[in-house]
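Subject: Structure handover

Hi,

Here is the structure for you to look over. My notes on what turned up follow below it.

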Amino acid sequence: MPKAWQKWMPNEDKELVHHWQYSDMETLLNTFPRRSYNSLMLRARVLGVTSKRQRKRIGSFDFLNNITPNSAYWWGFIMADGHLSKANALIIQLSAKDKTHLEKLSSKLGVKIRDCESPSNAFTNEPSSFCRLFLQDKDEVTKWKLLLGISGKKTYEPPTLDMFFTEQLFAPFFVGFIDGDGCIWNASGFNKQLNYPNIKIEVHKSWLGTLSKFKHHLSAFYQIAAKVLESKKGTAVLSVNGRTNELS
């Protein structure tokens, strides 16, 4: 998060003094879209503001706890484009154009998507819009960090994903991962009536071993051939040549 967002402004303090005393958690999070509930609590303590209001936790991990092909898809998406934060929350932050897709998950978790804007872009001098899913639950996040072996930033320390490497779960998990951190496109062969889907995932080079496991399970479960390599720019890449698989 940009440093500019970390500093509390006088108008924010004024709003927090009011809302901390009278508002529910959902109103607080919508009023301060760039802040976690933990940061609001810490700031209220600094300002000496107290509240007798009982704020209930918003949302539930129940959908993600019940491992099915549907939830496996979303775990793939989370492992690619979300994270389990130090604030004990599941956070997914996407471009505003992807809000409709993220709302599918938010409805299952019982949380609302928050619309946010980043500071003005240095090149365009215009802010960019994004949407954010935030689900905080210390017990659930701690449990899932242990299950997935997450101790630091998953970008550099890939999680343990073996629980999704089954014939039933791997395909939806893999598709979710592609939707989060990859791409699929069609390339026509000599016969223009035929389209061959190609797949590419490009992530930090620390994921090279994990992508190799993806490659193995694509072959073992679905007879799909994939290539995994470290690119010249130092990233890990998995690619599937749809035409080669289609013609083999």
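Lys143 is partly exposed, at 33% relative accessible area. In this predicted model, Lys143 forms a salt bridge with Glu140, and their closest N and O atoms are 2.8 Å apart. Glu140 is on the buried side of the cut-off, at 18%. Both residues sit in helix α8, which covers residues 138-148. They are 3 residues apart, or about one turn of the helix.

That pair belongs to a longer list. The structure has 8 salt bridges. Here are others to look at.

Glu12 and Arg35 come first. Their side chains meet in a salt bridge, 3.0 Å from N to O. Glu12 is in helix α2, while Arg35 is in the loop between α3 (25-31) and α4 (37-47), so the bridge ties together parts that are 23 residues apart in sequence. Are the two partners buried or exposed? Glu12 is buried, with a relative accessibility of 18%. Arg35 is buried too, at 5%.

Next, Asp115 and Lys99. Their closest N and O atoms are 3.0 Å apart, and the two form a salt bridge. This pair also links distant parts of the chain. Lys99 is partly exposed, with 22% relative accessible area.

Salt bridges link Lys200, Glu202 and Lys233.

Now the surface around helix α2. Which residues form a nonpolar patch there? The patch consists of Val17, Val46 and Leu47. Together they have about 230 Å² of accessible area. Val17 belongs to helix α2, residues 10-22. Its relative accessible area is 32%, so Val17 counts as partly exposed. For a patch, the cut-off is over 30%, and Val17 passes with that 32%.

Lys14 is in helix α2 too. Lys14 is exposed, with a relative accessible area of 69%. Its C-alpha is 9.8 Å from that of Leu47, a member of the patch. Along the chain, Lys14 and Leu47 are 33 residues apart.

On to helix α10, residues 208-222. This helix has 15 residues. From first C-alpha to last it reaches 21 Å, close to the 21 Å expected at 1.5 Å a residue. Which residues of α10 are buried? They are Thr210, Leu211, Phe214, His217, Leu218 and Phe221. Just after the helix, Gln223 has a positive phi of about 55 degrees.

Last, the cysteines. How many disulfides does a search of the whole structure find? The count is 0. A disulfide is a covalent bond between the sulfur atoms of two cysteines. Two cysteines are worth a look for their setting. Cys131 is buried, at 0% relative accessibility. Cys183 is partly exposed, at 36%.

Best wishes

Terms used:
Residues are numbered from 1 along each chain as its sequence is written. This is a predicted model: local features need pLDDT of at least 70, side-chain atom pairs count only at pLDDT 80 or more; totals for chains, interfaces and linings use all residues. Side-chain values use heavy atoms; hydrogens and water are left out. Patches are made of residues with over 30% relative accessible area and no salt bridge: like charges are joined within 9 Å, nonpolar side chains (Val, Leu, Ile, Met, Phe, Trp, Tyr) within 5 Å. Accessible areas come from the Shrake-Rupley method with a 1.4 Å probe; for residues, only the protein chains shown count as cover. A salt bridge is a side-chain nitrogen of Lys or Arg within 4 Å of a carboxyl oxygen of Asp or Glu. Helices (H or I, at least four residues) and strands (E, at least two) are DSSP runs, numbered from the N terminus. Buried means under 20% relative accessible area, exposed over 50%, partly exposed in between (1.4 Å probe, protein chains only). The expected span of a helix is 1.5 Å times one less than its number of residues. A disulfide is a pair of cysteine sulfur atoms within 2.5 Å.
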